[in-house]
Amino acid sequence: PPTPPQQPTDGPGGSNYSYAGVRQSRHGFGVRQFWMFEPNDPTPFSAPLIVFNHGWSAFYPLYYKAWIVHLVRRGNIVVYPRYQLTPMIGTRSATQNAIYAVHQAIAILQDGDHVTPDLERVAIVGHSLGGGITAEMAALAADAGLPSPKAIMPVQPFVRLDTMMKDFHAIPAATLLLVVVGENDVVVGNASGKTIFTTADQIPLDRKDFIIQRTDRYGSPALLANHGAPLCLPRGASVDAMDFYSTWKLFDALTDYAFYGTNQQYCLGDTPEQRFMGLWSDGTPVQELIVTDTP
């Protein structure tokens, strides 16, 4: 049977990296622990800062390591807050724990022994509960003393409405927003994604999109738009075209547009470039992303 698309060699989601190495360090303890990943070989003086909020109980970066390495080798610093000690911790303090970790990370990065964070170029991405934390962190950034994110992308987000925000009107109107959900996500569905998108009503429609990943079983292995699609273990089938042409491509392009004014067509506007998911090995197009402003 046909095989899935491989990683493109250039463009958003591609393998044309500017940096060969990644410097990893771990800091803090317990719910306020965090990891930092910095580009090196060569080492830049400064780099944009990306906060990566993990899904429920995925408190070790291993679960998203391939995506994190991709982001860093493109020239970004990534901060990965732990925010929970065990799978049993409640969600009430998760966002505050993540915010604390980001403050600490920024202080360490500015001490002269690390790549200096460019605080004019900050973005946040998160999966599952981390997607809800991403939206909440963006809404709280000003009051919490964090740099205002230029772009955010909650992926298959979950918002627990009894302990987290019920609307996201406080996210600054200038923020670029992509909400990504999976058509076969039976863990959290799309209700939280719709809540984030529709209540962030201060953000103009030309600066945000609601995106639905689609399952494609045409070839082997199949491409699955389920809750595990964003997981990116360093090796194996967990990294595939659902990453290269969906989450990686979209967030690469979103940050490129937010930070440098490039690659808008790959992240916003329901364009062919935004929807494109690559080609199976026999040339058949993979099921495109669905892009809408009316989820």
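A cavity is a set of grid points where a 1.4 Å probe fits but cannot get out. The views below all show a predicted model.

**Figure 1. The largest cavity of the predicted model has a volume of about 50 Å³.** The residues that line the largest cavity are Leu49, Val51, Val102, Ile106, Val122, Ile124, Met137, Leu146 and Pro147. At least two residues of this lining are supplied by each of strand 3 (46-53), helix 2 (94-109) and strand 5 (116-127). Sorted by class, the lining consists of nine nonpolar residues, with no polar and no charged residues. Rolling a probe the size of a water molecule over the atoms shows where empty space is left.

**Figure 2. The largest nonpolar core contains 44 residues.** Within this core, Phe52, Trp67, Met153 and Phe251 touch the most other members. Two or more residues are given to the core by each of strand 2 (34-40), strand 3, helix 1 (65-73), strand 4 (77-81), strand 5, strand 6, strand 7 and helix 5 (241-260). Helix 5 gives the most, with 10 residues. Apart from this core lies another, of 40 residues, which includes Phe34, Val79, Leu177 and Phe210. In soluble globular proteins, nonpolar side chains tend to be buried together.

**Figure 3. This view shows the contacts of Phe251.** Which residues does Phe251 touch, not counting residues up to four places away in sequence? They are Ile50, Trp67, Leu71, Ala123, Ile124, Val125 and Met153. Of these, Trp67 and Met153 are, like Phe251, among the core members that touch the most others. Ile124 also lines the largest cavity.

**Figure 4. Helix 4 (residues 191-199) has buried residues covered by other elements.** The buried residues of helix 4 are Ser192, Gly193, Thr195, Ile196, Phe197 and Thr199. Their cover includes helix 3 (129-144) together with strand 6 (151-155), strand 7 (176-182), strand 8 (208-213) and strand 9 (290-292).

**Figure 5. The largest pocket has a volume of about 230 Å³.** Its lining is made up of 16 residues, and those lying nearest the centre of the pocket are Asn16, Ser18, Arg74, Gly75 and Asp256. Helix 5 provides the largest share of this lining, four residues. By class, the lining of the pocket has four nonpolar, nine polar and three charged residues, whereas the lining of the largest cavity has no polar and no charged residues.

Conventions:
Residues are numbered from 1 along each chain as its sequence is written. This is a predicted model: local features need pLDDT of at least 70, side-chain atom pairs count only at pLDDT 80 or more; totals for chains, interfaces and linings use all residues. Side-chain values use heavy atoms; hydrogens and water are left out. Buried means under 20% relative accessible area, exposed over 50%, partly exposed in between (1.4 Å probe, protein chains only). Contact means heavy atoms within 4.5 Å. On a 1 Å grid over the protein atoms alone, a cavity is a set of points where a 1.4 Å probe fits but cannot get out, and a pocket is an open set with protein on both sides within 12 Å along at least five of seven lines; lining residues have an atom within 4 Å of a point. Grid points are joined across faces, edges and corners, and a volume is the space filled by probe spheres set on the points. Ala, Val, Leu, Ile, Met, Phe, Trp, Tyr, Cys and Pro count as nonpolar, Asp, Glu, Lys and Arg as charged, and the others, Gly among them, as polar. A nonpolar core is a set of buried Ala, Val, Leu, Ile, Met, Phe, Trp, Tyr and Cys residues joined through side-chain atoms within 4.5 Å.
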